Amino acid sequence: MRVSVVTGGGGGMGLACAQQLAARGDGLVLNEIDSSRSKHAVETLRARGASVESVDGDVSHADVARALAAAASEMGAFGALVHTAGLSPTMADGRRILEVNLVGTELLLDAFQPLATAGSVAVCIASQAGHFGMTGATPEICALLDEPLARDLADRLEAAGVTLDPGTGYAMSKLGVIRAAVRLAPAWGARGARIVSLSPGIIETKMGTQEYEAQPVMATMVERTPLGRMGAAAEIASVVEFLCSDAASFITGTDLLVDGGSTGAMRALMPS
Ligand SMILES: NC(=O)c1ccc[n+]([C@@H]2O[C@H](COP(=O)([O-])OP(=O)(O)OC[C@H]3O[C@@H](n4cnc5c(N)ncnc54)[C@H](O)[C@@H]3O)[C@@H](O)[C@H]2O)c1
């Protein structure tokens, strides 16, 4: 059986992606830090006939990443890793956001790379915030983001001039995820496998709604979005399904913005 692994599987995008991948017949291994969300997701998917196991825990812990990879290889042939688990700026401080969003991504990619074979794919959810983070990210900062497992990553980023408030921590973590897909594409490619990041704009999930309510700039971003609205989790899931399919067989080592056009529109307002 082809197996897809979805982290943050009980979240807005995670569950939507899991539903999409189950509908194409994949067996699923879900990961969640929130046990009630996990239980709900597993029940929802099983009620639709999906074959689902869960390995819950914090993706920023290496043993959780390794346990997920072990569960996937026990269930069948590794098809896809869809990594949606993450924290947004209203959810934690900058260091914790960096740890979950960037260190967690690297640990998962380390754990899954040995399972990758022809046709396997990793899709890591980044953010349009990572694109905004590119402005002002010096070569020194980029080099630090390319070594997420360095023990003193946060200290070194601060020494390089990054103020790790939650917003900057989030933007840096997601820039790191975008860079990871580029950096690791040769290693995955050598196995016949692909790796991409996907950067959503504002998506109407629990996280998206919480950020929208807390940050006034979000209303401006939605107003300026060429499509004039937030996105839906299903609109991310359908792109994820495409990226996980053979229809995307020449797409690797890149980021795909799925943002209704808002990143380009906001960039046009920024000083060059
Ligand atoms: N919603 C948006 O507007 C938006 C925009 C850009 C990027 N993103 C990114 O998309 C991804 C999915 O977000 P969402 O909108 O579905 O949010 P969500 O809050 O609905 O889902 C995220 C899920 O991740 C889980 N999670 C959090 N920390 C975890 C950890 N350490 N280990 C395991 N699971 C953990 C949460 O319990 C939650 O169920 C995130 O990485 C987020 O940063 C979201």
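Trainee: Where is the kink in α4 centred?

Mentor: On V103. The bend there is about 30°. Keep in mind that this is a predicted model.

Trainee: How far does α4 reach, end to end?

Mentor: It covers residues 94-112, which is 19 residues. From the first C-alpha to the last, α4 reaches 26 Å. That is close to the 27 Å expected at 1.5 Å a residue.

Trainee: Is α4 mostly covered or mostly open?

Mentor: Mostly covered. Of its 19 residues, 16 are buried.

Trainee: Switching to the sheet. What is the strand order?

Mentor: β3-β2-β1-β4-β5-β6-β7. Those seven strands make an open sheet, and the pairing is parallel. At the edges sit β3, residues 52-54, and β7, residues 254-258. Each of these two pairs on one side only. On average, neighbouring strands are turned by 20° against each other, ignoring direction.

Trainee: What holds paired strands together in general?

Mentor: Backbone hydrogen bonds, in either a parallel or an antiparallel arrangement.

Trainee: How many bridges link β1 and β4?

Mentor: Six, in the parallel sense. β1 is residues 2-7 and β4 is residues 77-83. S4 stands opposite A80 in β4.

Trainee: And what is A80's bridge partner in β5?

Mentor: V121. β4 and β5 pair in parallel over four bridges. As for cover, six of the seven residues in β4 are buried.

Trainee: Which helices lie across the sheet strands?

Mentor: Two to look at. Helix α2, residues 35-47, lies across β2 and β3, and runs at about 170° to β3. Helix α11, residues 233-243, lies across β4, β5, β6 and β7. Its angle to β6 is about 165°.

Trainee: Now the core. Which residues touch the most other members?

Mentor: A18 and V123, in the largest nonpolar core, which has 80 residues.

Trainee: What does V123 contact?

Mentor: Skip its neighbours within four places in sequence. Then V123 is in contact with A80, V82, V196, L198, V240, L243 and C244.

Trainee: Which residue pairs with D255 across the bridge?

Mentor: S197. β6 and β7 run parallel and are joined by five bridges.

Trainee: Last one, T7. Why does it count as buried?

Mentor: T7 counts as buried because it has 28 C-beta neighbours inside 10 Å. The cut-off is 20 or more. T7 lies in strand β1.

Trainee: What does T7 touch?

Mentor: G14, N31, V59, H83, T84, A85 and L108, leaving out residues up to four places away in sequence.

Key: Residues are numbered from 1 along each chain as its sequence is written. This is a predicted model: local features need pLDDT of at least 70, side-chain atom pairs count only at pLDDT 80 or more; totals for chains, interfaces and linings use all residues. The expected span of a helix is 1.5 Å times one less than its number of residues. The bend at a residue is the angle between axes fitted to the seven residues ending there and the seven starting there. A residue is buried if 20 or more other C-beta atoms lie within 10 Å of its own, exposed if 12 or fewer, and partly exposed in between; C-beta atoms are placed from the backbone. Two strands pair if DSSP finds at least two bridges between them. Axes are lines fitted to C-alpha atoms, for helices over the stretch in contact, and angles run from 0 to 180 degrees between N-to-C directions. Two residues are in contact if their C-beta atoms, placed from the backbone, lie within 7 Å. A nonpolar core is a set of buried Ala, Val, Leu, Ile, Met, Phe, Trp, Tyr and Cys residues joined through C-beta atoms within 7 Å.
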